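Subject: Structure handover

Hello,

Here is the structure I promised you. Please open it and keep it beside this email as you read.

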Amino acid sequence: METTEIGKSVRRLDYKTKVTGRAQYLADMSVPGMCHGKILRSPYPHARIVRIDASKARQISGVVAVLTRDDILHDQGIEPFYGPVFKDQTIVAVEKVRHVGDPVAAVAALTVDAAEEALRMIEVDYEELPAVLSVNDSLKPGAPLVHESVKLPASGFADLAELKPVEGTNICTHFRLNRGDIQRGFAEADRIFEDTFTLPATQHSFLETHACIAQVEPGGRITVWATTQNPFVVRTQLANIFKVPVSKVRVIVPYLGGGYGGKVYPKVEPITVALAQKAGRPVRLVLSREEVFYTITKHAAIIKMKTGVKNDGTLVARECEIHLDTGAYAEIGPRVAKKSGYTAAGPYRIPNLKIDSYSVYTNKPPAGAFRGFGVSQSAWAVESQMDIIAAALKIDPLELRKQNGYDEGDKFVTEETLRAVGLKECLDEVAKSIGWGRMEQWNNGTVEQWSRGENIKRGKGIACMIKATITPSISSAVVKLNEDASLSIYTGTVEMGQGSETVLAQIAGKELGIPLETIQVLGVDTDVVPYDLTTSSSRSTFHMGKAVQLAARDILRQLKQIAAMEYGVPEAQVTFAGGKIRLPEAQLDYSDAMFKRFGMQGGTLVGEGQVKTSTKNEFGEKSTSAFWFLAAGAAEVEVDVDTGRLKLVKYATAVDVGKALNPLGCRQQLAGAAITGIGQALFEEIAYDNGQPINPNFVDYVLPSLGDMPETIDPISVEVPDPNGPFGAKGIGESALIPVAPAIANAVFDAVGVRIKDLPIKAEKIFLALEEMKAKAR
């Protein structure tokens, strides 16, 4: 067996289990005595609950428990209000429902059929209330309030401490960022551009729906099997809700069938535990696809952007107002709004800024984290407007970005120094990939470029991005060297398809010089693995990877001590190479040292590693992000001018990965993120009728098919190492998605001269814009 290498493509450790169908997901699991849970949901977007009568439901054969507001309000052992940022959500509705699909009651029964029949027998009288179903309606003076008041903050997130709801309004949070002198900046500008961009709510579209199995022991011990990306956060929230110590809550996460941010923070866990507690036996709750649409979405957004520019293309001022529809509950919307606000300047030097980013309550299903955490919303506006500016000033869009883009040592909008910046390398790589500059660009408002037939026009577009990772945060790892020199890795990182098991094993294997085949990454169980904040924000390779690397080094430290002591040589003369312990006159296998230390009975060495990032970096400077995501994307499209039909011919994505630990895994991540971005750009949107989602399934909610994919997706890894990452690596999971939509919109403009400012980019929008352009030209 070969020793593990970094920078060499390896097949994922879990590939065989998954491709043969042997991987066990939560819906495949059962525990003895388990009941089936079902949720009764509100048919109204906003209504007061006048009466609930569950007596008939309790009489259904097989029904074990029915949960209503009476159970959570009158149980002194339950804190009914919870939420990751504000305590504005309840296990089931208490006084009123705030969106279609809001949980009103729940049933646990011996069979699914009995549970569903019991739901139909629960009688609920509602008093329908006026609803606010858009950000604009929600912000009107005198608008109905989604929440009359919001409980005190639920968490101690350091990055959100300053954000509070605006009492007496539907503004959940308001994030402000001011830099320089905005009025002076606009006064110095030669040109000012003002545009409004919009994005609809969309779905995460993971294959596995939310699910949970909960068991509550007579002594109050809670065990939860959950589809969650951050089991330790869920553990803390459950401990708070059910008023028990954290030590009495155990969260186990099997393989996760995708997450993309839609499985961070509590979702179905609180209601499942409450059901199990009342039933006195385990309960499994698995959501239908329609229920997922009621549970979490990506934020819809309205972004107004005003930018001042010199005639030579230098950006001098930007004023931006972002309104994110966070739905009926804050969820993690305050952080999404803050991240969106931070990045409203894009990856560009702009000395004068005024940014206001709001998360706004509406009577629609909650919106939360989505791959990119608010940056895909702001980047849609930033990168679209960059091309509007380029066209007006007759400057190459690529050169405009490079002229204003961040370099090593530049200051971010928060005045912190940027390091390990590979932005322009990413731009150059995608431009090269699609042959940027080989076709004539816009000239005096007419298209003079290569086309395929008179009605098919081809264009190219480019976009880029910057994003932060959650900071501060903590990741801890334990590695155990066994007597045969095999290795067990214990971490709280959730494997959800991103390949974390493989890359963590690679890091440990490389550090110790042992084969990948001898390494086992254990599943997540909060009773067993050490603390990790979350598997989100593309943080796992950087944070947990470094923690694993430090834990492996701890093992080497112990091996060095054993060799020095057992063989009587100074520690300074003990070295390691190729998985061997090198002494002045001999070399040893790790197993030899383990035998010397523990004898025939066997034993283990345990190494520990922890990474704790803070709001100050190693230089004592302010730090908003432990590292920065930088990426670019470029699209080549064909547009039929007679119908508006759009075909994506090629898409190139380049991401500054720091160091490609597993090049194959990097390419898969970049291509997968780009495909998600293509869906968001061209097809996806949740449609509502009076607050009711009318396409809550994968038949009516359109996802891209294989036939919609470009002939080529070119995933490119740019390597600008971060000295704090394991072997220089950074996170990459979200970066490739973010530039997709603006790159395609910019390519459409390049092809036919119409600017789409409202996602998704559909044929009818292009057609109507072309017709409007023709009418103006007459």
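Below is what I found, grouped by topic.

Please note that this is a predicted model.

**Cysteines**

How many disulfides are there? The count comes to zero. Take C35: the nearest cysteine sulfur belongs to C212 and is 14 Å away. A disulfide needs the two sulfur atoms within 2.5 Å, so C212 and C35 are too far apart for a bond. C35 has a relative accessible area of 0%, so C35 is buried. C212 is also at 0% relative accessibility, and therefore counts as buried.

**Salt bridges**

Side chains of opposite charge can pair when their charged atoms come close. The count of salt bridges in this model is 46. Here are some to look up.

Start with E127 and R48. Their side chains form a salt bridge, with N and O 4.0 Å apart. E127 sits in strand β8 (residues 123–128) and R48 in strand β2 (residues 47–53), so this pair ties together parts that are 79 residues apart in sequence. E127 has a relative accessible area of 40%, so E127 is partly exposed. R48 is at 34% relative accessibility and therefore counts as partly exposed.

Next, go to helix α6 (residues 182–188), which holds both R184 and E188. These two are four residues apart, about one turn of the helix. Their side chains meet in a salt bridge of 4.0 Å, N to O. R184 is partly exposed because its relative accessible area is 48%. E188, at 38% relative accessibility, also counts as partly exposed.

Now try D532 and R539. Are they buried or exposed? Both are buried. They form a salt bridge, and their closest N and O atoms are 2.8 Å apart.

Some charged residues are linked in a network. R51, D53, K56, E123 and D125 are connected this way by salt bridges.

**K267**

Where is K267? This lysine is in the loop between β13 (249–253) and α8 (269–279). Buried means under 20% relative accessible area. K267 is at 11%, so K267 counts as buried.

Which residues does K267 touch, leaving aside its neighbours within four places in sequence? The contacts are Y82, H210, G262, T295, I296 and E331. Look closely at E331. The side chains of K267 and E331 are joined by a polar contact of 2.5 Å.

Find each residue on screen as you go.

Best wishes

Definitions and conventions:
Residues numbered from 1 in each chain as written. Predicted model: local features only at pLDDT ≥ 70, side-chain atom pairs only at ≥ 80, totals over all residues. Heavy atoms only, no water. Buried < 20%, exposed > 50% of the residue type's maximum accessible area, 1.4 Å probe, protein only. Polar contact = N/O pair within 3.5 Å; in protein donor to acceptor, adjacent residues only side chain to side chain. Contact = heavy atoms within 4.5 Å.
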